[in-house]
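I opened this model to look up a few things and kept short notes as I went. The entries follow in the order I made them.

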Amino acid sequence: MNMNFTYNINPSRIVFGAGALDTLADQIRELGTHRALILSTPFQRADAQKLAERLGVLAAGVFSEAAMHTPIAVTRNALATYKALQADCVVALGGGSTIGLGKAIALRTHAPQIVVATTYAGSEVTPILGQTEDGVKTTIRDRKLLPAVVIYDPTLTLGLPVSMSVTSGLNAMAHAVEGVYAKDCNPISSLMAVEGVRALRDALPAIVSNPADLAARTRALYGSWLCGSVLGTVGMALHHKLCHTLGGSFDLPHAETHAIMLPHTMAYNAQAAAEALQPMADLFGGSIGSGLYEFARNLGAPMALKDLGLKEEQLDAAAQLAVKNPYWNPRPVERAAIRELLQRAWNGARPE
Ligand code: NAD
C-alpha cells in the first residue's frame, strides 16, 4: 500500500439513483445557467429531444452528432450550434462519445457541463479528453474538463443492450484493476477500485440474466462511477496503452477491445504487482488473469481480437507501437512478451 501520496479529489456533484434525472432542471439553475445545449449521438437523438421538451425554456436546443473519439470536425459544428443558440451550458446525455463532445465544448467555451451518464465507461468523472483530427488522436488531462454535475439514473440504462452492458462494464473494471498498481495510487482510490469491481462483478451476470433488473442496473452504475473515479484520479499502465494503440492505430472498437485485452494484460502484470492485485484476484477465484477470462466468457463477452477485424499480420506492428513510448508499468514492457500476449488475445486463448 502506497502510504506516501498526493490525492487530487475531483470536485464534481454526483446525483445518484432511480429518478435522479428529475433533478436536471434544478441542477441547471443551481449552476446559474438557463440555456442548455443537449448533446447526444444520432442513436440517442429521440431521447435527447424528449429531454429538451421536458426542460422547456431551460433547453436551448439539441445537437445529436456526437461520435466516437471526439472528431474535431464534429466539435466545430457543435460549437457553431452552441453559439448560434446562445447556450450557456451543456447537458451530455449518453456515454463516452457524447461526454467527450461536452468536454470539447467546455474546453473552448468554459461552458459548465452536466452529464447524464447512460453507459459504464466512466468518462463523466475524469478530467481527460481524447480528440481526433486526420486520424491522429491526442489526449489531454486538465481539471477544466471535469463535468460540474453527473446524474446517474439507472432507469436510463435499462435499455443498454446486454452486449454493450457487458463490454462497457469490463471497460469500467479495467480502469479500477489498473488503478490499484498505479504509481500515484492512494488508499482511497484503491478502496474505490476494489468496491467498484466487486459491484460490477456482482451486477453484470444479473444483467445478462435479466437486463431489466433495476437493482442490478443500479449496482452496475454504482460500480462504474467508482471505477471511472479511479481513472480520473490515478495514472493508467500497460492495459490502457495497448487498448489505445489498438483503437487509435487499428480502429478497433473501444469497449470490446478493453473487454478482450483485460485478462491478458492482468496476467502479464500479475506477478509484478501481486500484492496490489491480490484483492482483485480474490474477487475472481484467486487468479486475476484466468479469473477475469472465465468471468468475461461466462458473460458472453467477445474474447478474440480476430473477431474485431484485426488481421494476424498486423500483430507485429501492434506490438512495435505498444512498446514505443510505453506508459509506466509494474513489469517492464518487452516486445517479445507483448507480441505473445497479443497473439493469445488475437486467438482468444486463455491467458497464461
Ligand atoms: P459510446 O458513448 O460511443 O456509446 C455507444 C453507442 O451506444 C452510442 O450509439 C450511444 O448513443 C449508445 N448508447 C449509450 N447509452 C445507451 C443506452 N443506455 N441505451 C442504448 N444505447 C445507448 O460508448 P462508450 O463506450 O460509453 O464511450 C466510448 C468513447 O468514450 C471512446 O471514444 C472512448 O475513448 C471514450 N472514453 C473516454 C474516457 C475519458 O475519461 N476521457 C473514458 C472512457 C471512455
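Predicted model: local features only at pLDDT ≥ 70, side-chain atom pairs only at ≥ 80, totals over all residues.

I placed F5 in the segment before β1, which covers residues 13-16. F5 has a relative accessible area of 40%, and patch residues need over 30%, so F5 passes that cut-off.

**Ligand shell.** Next I asked which residues surround the ligand. I found 23 of them, the closest being T41, S97, T118, T119 and T126. By type, the shell divides into nine nonpolar, twelve polar and two charged residues. I also checked which element gives the largest share of the shell, and it is helix α4 (residues 96-109), with three residues.

For Q44, a polar side-chain atom lies 2.8 Å from an oxygen atom of the ligand. For I128, the atom is a polar backbone one, 2.9 Å from a nitrogen atom of the ligand. For L156, a backbone N or O atom lies 3.3 Å from a ligand nitrogen atom. I then looked up how much of the ligand is covered: taken alone it exposes 860 Å², and the protein buries 85% of that.

**Salt bridges.** My search of the whole structure gave 13 salt bridges. I wrote down three of them.

I began with E195 and R198, whose side chains meet at 3.1 Å, N to O. Both sit in helix α6 (residues 187-209), and because they are three residues apart, about one helical turn separates them. E195 is partly exposed at 23% relative accessible area, and R198 is partly exposed at 32%.

I went on to R201 and D202, which form a salt bridge at 3.0 Å, N to O. R201 has a relative accessible area of 23% and is partly exposed. D202 is partly exposed as well, at 34%.

What other salt bridge does D202 make? Its side chain also meets that of R219, at 3.4 Å, N to O. This pair links distant parts of the chain, with D202 in helix α6 and R219 in helix α7 (residues 214-233), 17 residues apart. R219 counts as partly exposed, at 29% relative accessibility.

Terms used
Residues numbered from 1 in each chain as written. Heavy atoms only, no water. Helix = DSSP H or I, 4+ residues; strand = E, 2+ residues; numbered from the N terminus. Buried < 20%, exposed > 50% of the residue type's maximum accessible area, 1.4 Å probe, protein only. Near = heavy atom within 4 Å. Polar contact = N/O pair within 3.5 Å; in protein donor to acceptor, adjacent residues only side chain to side chain. Areas by Shrake-Rupley, 256 points an atom, 1.4 Å probe, with all protein chains shown as cover. Nonpolar A, V, L, I, M, F, W, Y, C, P; charged D, E, K, R; others polar. Salt bridge = Lys/Arg side-chain N within 4 Å of Asp/Glu carboxyl O.
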